[in-house]
Amino acid sequence: MNQHTTPIDNTHNELLHSITVRPVSQNDQANWDTLMRQHHYLVFRSLVGESIRYVAESQGQWLALIGWAAAALKCTVRDKWIGWPPFLKSQRLKLIANNSRFLILPQIHVPNLASRILSLNLKRLSQDWTKVYGHPIWFVETFVDPRFFKGVCYKAAGWIFLGHSTGFARSSQGYLLHNKPKMVFVRSLKAQVQKQLNNLNLTIQLRKETKPMKLSLKDAEFLDELLQQIPEHRMPRGVRHRKRSILAISICAIICNAWSFAAIAEWAKRCPQNMLKRLSCRYNAKTKRYEPPSEPTIRRFLQQVDAEAVDKVLSRWFQSVGDKSLPIAVDGKTLCGARQPDGKQVHLLAAFLHKQGIVLAQTQVDRKTNEIPMVPVLFDDLDIKDRVVTFDALHAQKETARYLVEDKKAEYIFTVKDNQKTIKQAIKELNLSSFPPSARNN
């Protein structure tokens, strides 16, 4: 059933007081994206950088969708208002979040609803951001197109109008002039935010802390065995660090929140000798120490390694260490920064564990097809016997159900929407209300 069309039986004031705003779950994200694409005037592709999707609801009914993303790299009126120099802006831009999408669903018509939702959202935004990304949000911004809106709800929620943008938009080719300046609204979430953002002595962690790892000898041997299967792309002459050493270090460092080549190299430098030994690092007979690869070595290797082979190896490793009792979710994702040779964005279909979020397998969806026929490709090398696999409404297909049950000996849960009338009618005729899973003798 479509949870977003049920009318709310509430008076105006009761409704405003019954609203809750929460981040969407992984299971709800596909529905959130679909609704945003269908109803927002700017359409929707993805949220840029660090981002959180929120939903405002009452009595289980979705009322509005809010999307927060990374701040604009350049905004003249904002930067002038803050007064920070470029070197500080580059360091502290992560303390700003951009309200890039805000949608009241079409069937909802309630006075003062938008400002109420914004107010509730801002009360929890910084705490949620810290939980997900390891740092708070001190300042928020948004851009309003004056051709269509006046920004009334932002003003009512206490936002400040700073002026207009310069009429440029960021794209994959840089900044392009569109001559459609936007109204810039901001709001502080921290007292004396201008002074704080310009404080030269400010010490704040703006990324998740890179942590050490304890890798057992058994896990290290299994990982080393898998990494041996990845082809070596380097010429033998001049090679100082083993491929399995560079790959093992990179994988472990990324798991510990190292998200750049430099961070991976720094993580490796902090590893104790017994850890470097288990990671197959080079032994220097002169210093009698195990030596990790440098940042340039890591960067050059990872930029040229067979990514598909690495992906298959990681999938096998994650299957071995993941919780085999957890259900598996299947979802598609368009990669914002990745492009094919023809300029089209890369779209992946992934299978990952509920709760843990560990990706077990992923495959690229060619632009000449869609996600549906890629399900067997995704699961062919996975043992999912007796596992439950969940899908969004796109995959509610007979052949997909047959493949999972007969070929893979698995179970499935499909989402069904109102526009799938035939299958909805078939479900209705089953009279499932009298056949709950917990009923006796069923």
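Predicted model: local features only at pLDDT ≥ 70, side-chain atom pairs only at ≥ 80, totals over all residues.

Me: Where is phenylalanine 149 found?
Reply: Look for strand S5 (139-144) and then helix H6 (152-156). Phenylalanine 149 is found in the loop between S5 and H6.

Me: Is phenylalanine 149 buried, partly exposed or exposed?
Reply: Buried means under 20% relative accessible area, and exposed means over 50%. Phenylalanine 149 has a relative accessible area of 41%, so it is partly exposed.

Me: Which residues form a nonpolar patch on the surface?
Reply: The patch has about 400 Å² of accessible area together. Phenylalanine 149 belongs to it. The residues are Tyr41, Leu42, Phe148 and Phe149.

Me: How many aromatic pairs are there, by the rule that ring centres lie within 6.5 Å?
Reply: Rings of Phe, Tyr and Trp pair if their centres lie within 6.5 Å. By this rule the count comes to 13 aromatic pairs.

Me: What kind of aromatic pair do phenylalanine 148 and phenylalanine 149 form?
Reply: Their centres are 6.5 Å apart, with 65° between the planes. Planes over 60 degrees apart count as edge-to-face. The pair is therefore edge-to-face.

Me: Which residues do ring pairs link into a cluster?
Reply: Ring pairs do the linking here. The cluster is made of Trp68, Tyr154, Trp159, Phe161 and Phe185.

Me: Which residue in S16 is the bridge partner of phenylalanine 391?
Reply: Strand S15 (residues 388-391) and strand S16 (residues 411-414) run parallel, and four bridges join them. Phenylalanine 391 has its bridge partner in S16. That partner is phenylalanine 414.

Me: What handedness does the β-α-β unit of S15, helix H15 and S16 have?
Reply: Helix H15 covers residues 398-407. Together with S15 and S16, H15 makes a β-α-β unit. The unit is right-handed.

Me: Do strands S13 and S14 run parallel or antiparallel?
Reply: S13 covers residues 345-353, and S14 covers residues 359-364.

Me: Which residue takes a positive phi in the hairpin of S13 and S14?
Reply: This hairpin has five residues between the strands. The phi in question is near 70°. The residue is lysine 355.

Me: Is threonine 363 buried or exposed?
Reply: Threonine 363 lies in strand S14. Its relative accessibility is 14%, and under 20% means buried. So threonine 363 counts as buried.

Me: How many salt bridges does the structure hold?
Reply: One of them joins glutamate 50 to lysine 94, with the closest N and O atoms 3.5 Å apart. This pair links distant parts of the chain, 44 residues apart. The structure holds 18 salt bridges.

Me: How far apart are the closest N and O atoms of arginine 78 and glutamate 141?
Reply: These residues form a salt bridge. Arginine 78 is in helix H3 (residues 76-82) and glutamate 141 is in strand S5, 63 residues apart. Both are buried. The closest N and O atoms are 2.9 Å apart.

Me: Which residues do salt bridges that share partners join into one network?
Reply: Arginine 78 and glutamate 141 are among them. The network is Arg78, Asp79, Lys89 and Glu141.

Me: What is the phi of valine 43?
Reply: Valine 43 lies in the loop between H2 and S2. At 44% relative accessibility, valine 43 counts as partly exposed. Valine 43 is not a glycine, yet its phi is positive, at about 60°.

Me: Is glutamine 192 buried or exposed?
Reply: Glutamine 192 lies in the loop between strand S9 (183-188) and helix H7 (193-197). Its relative accessibility is 56%, and the cut-off for exposed is over 50%. So glutamine 192 counts as exposed.

Methods: Residues numbered from 1 in each chain as written. Heavy atoms only, no water. Patch = residues over 30% accessible without salt bridge, like charges linked within 9 Å, V, L, I, M, F, W, Y side chains within 5 Å. Areas by Shrake-Rupley, 256 points an atom, 1.4 Å probe, with all protein chains shown as cover. Salt bridge = Lys/Arg side-chain N within 4 Å of Asp/Glu carboxyl O. Helix = DSSP H or I, 4+ residues; strand = E, 2+ residues; numbered from the N terminus. Buried < 20%, exposed > 50% of the residue type's maximum accessible area, 1.4 Å probe, protein only. Pairing = 2+ DSSP bridges. Right-handed = clockwise from strand over helix to strand, strands pointing away. Phe/Tyr/Trp six-rings, centres within 6.5 Å; stacked < 30°, edge-to-face > 60°.
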